Amino acid sequence: MRGPTVKTPRNAPLFARRDVAARACACKGRCLGLRHSQSEGNIVPRSPETIDLLLTRRSVKPLTMVEPGPDEADLEIMLRAASRVPDHGKLAPWRFIVFRGAARAQFGKVLRHIFAAEEPRADEDRLKLEENRLLQAPLVVAVISRLVPSKKAPEWEQRLSAGAACQNMLVAATALGFVGAWLTEWYAYSDNVAKALGLGENERVAGFIYFGSPSQPKDERERPALADIVSEWKSE
Ligand SMILES: Cc1cc2nc3c(=O)[nH]c(=O)nc-3n(C[C@H](O)[C@H](O)[C@H](O)COP(=O)(O)O)c2cc1C
């Protein structure tokens, strides 16, 4: 139920406007004047911090990441956020493989071995780079896109959902105070790596996401102007 309408001056400070809204609201102030849907008990609070995070988040090169990485509790939050993405048909068309501790070095040996076989002319420097890849960051999570037979959700939608899982995980990690990078490189596309990861025929890597703490301030990169990418549909 919508509460009585109270006029709030447009230029009133945010908090003043919130107070007026709270008093006017049918939920009798329980929503603290924050935005909520019209049905009581279904409150959707505003989160300026989230908006700030979304408008400032940046990827960071794994080489610049340092300890500490997300701990067990942080990781659980990140994985829960990743598995709460829009998912047509409730198919859960994704799964996650976590690399941390010694497993990063062990998987590095696998990468080195596969790269050497796929690129026989690779020199020792390059092979070392492959071997040490996952050691660059305290934590790496491979997001696996899993195609599930469905009459409702075509492959395109299931792949999009996996992309959303990657982004949710990045956003959650950023909110927890970490930095991240969503990478694919050659090893997301190698059939041999897919086999080593135990992927099924219906599965492919959406990304290897690296997480750690920042060692330097983040810079900004150019973003597309909204005018170049947004249009408004108008009937002819
Ligand atoms: C699916 C996907 C794969 C990517 N793979 C790589 C990659 O292999 N190497 C790389 O340098 N950046 C890769 N990127 C780009 C970075 O994740 C990141 O978006 C880019 O560095 C820009 O930084 P920003 O996230 O701060 O805008 C990939 C992005 C996406 C969406």
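**Close-up views of the predicted model**

**View 1. The pairing of β1 with β2.** β1 and β2 pair in the antiparallel sense, and seven bridges link them. The model shown here and in the views below is predicted. I97 of this pairing stands opposite A142 in β2. Seven of the eight residues of β2 are buried, so β2 is largely enclosed by the rest of the structure.

**View 2. β4 and its two partner strands.** β2 and β4 run antiparallel and are joined by eight bridges. Along this pairing, L139 is placed opposite F211 in β4, and V140 has Y210 in β4 as its bridge partner. β3 also pairs with β4 in the antiparallel sense, over five bridges. In β4, the residue opposite G180 is F211. Eight of the 10 residues of β4 are buried, so the strand is largely enclosed by the rest of the structure.

**View 3. The largest nonpolar core.** This core contains 36 residues, and those with the most contacts inside it are V140, V143, C166, M169, I209 and Y210. Two or more core residues come from each of α3 (72–82), β1 (94–100), α4 (102–118), β2 (139–146), α6 (155–175), β3 (179–183) and β4 (203–212). α6 supplies the largest share, seven residues. In soluble globular proteins, nonpolar side chains tend to be buried together.

**View 4. The surroundings of Y210.** Which residues touch Y210, once its neighbours within four places in sequence are left aside? The contacts are P62, M65, Q136, A137, V140, G180, A181 and L183. Of these, V140 is also the bridge partner of Y210 in β4. Both Y210 and V140 are among the residues with the most contacts inside the largest nonpolar core.

**View 5. Helix α6 and what covers it.** α6 has 21 residues, and the distance from its first C-alpha to its last is 30 Å, close to the 30 Å expected at 1.5 Å a residue. The buried residues of α6 are Q158, S161, A162, A165, C166, N168, M169, L170, A172, A173 and T174. An α-helix has 3.6 residues a turn, so residues three or four places apart point the same way. The cover over the buried residues of α6 includes α2 (48–56), α3, β1, β2, β3 and β4. After α6 comes G177, with a positive phi near 95°.

**View 6. L54 and T174.** L54 lies in helix α2. With 12 C-beta neighbours inside 10 Å, L54 counts as exposed. T174 is one of the buried residues of α6. The C-alpha atoms of L54 and T174 are separated by 9.3 Å, although the two residues are 120 residues apart along the chain. In the protein chain, residues 24 or more positions apart account for 70% of the contacts with a separation of 6 or more.

**View 7. The shell around the ligand.** The ligand is surrounded by R58, S59, A181, W182, L183, T184, E185, G207 and R221. Three residues of this shell are nonpolar, three are polar and three are charged. β3 gives the most to the shell, with three residues. Two residues of the shell, A181 and L183, are also in contact with Y210.

**View 8. Backbone geometry in three loops.** Most residues other than glycine have a negative phi, and most peptide bonds are trans. The peptide bond from E67 to P68 is cis, with omega near 0°. P68 is placed in the loop between α2 and α3. A92 has a positive phi, near 50°, and sits in the loop between α3 and β1. Is A92 buried or partly exposed? A92 has 14 other C-beta atoms within 10 Å and is partly exposed. E185, one of the residues around the ligand, has a positive phi near 55°. The loop that holds E185 runs between β3 and α7 (191–196). E185 counts as partly exposed, with 14 C-beta neighbours inside 10 Å.

**View 9. The whole protein chain, for orientation.** The protein chain has eight helices and four strands. Their order from the N terminus on is α-α-α-β-α-α-β-α-β-α-β-α. Of its 236 residues, 24% count as buried.

Definitions and conventions
Residues numbered from 1 in each chain as written. Predicted model: local features only at pLDDT ≥ 70, side-chain atom pairs only at ≥ 80, totals over all residues. Core = buried A, V, L, I, M, F, W, Y, C linked by C-beta atoms within 7 Å. Buried ≥ 20, exposed ≤ 12 C-beta atoms within 10 Å, placed from the backbone. Contact = placed C-beta atoms within 7 Å. Pairing = 2+ DSSP bridges. Near = placed C-beta within 6 Å. Nonpolar A, V, L, I, M, F, W, Y, C, P; charged D, E, K, R; others polar. Expected span 1.5 Å × (residues − 1).
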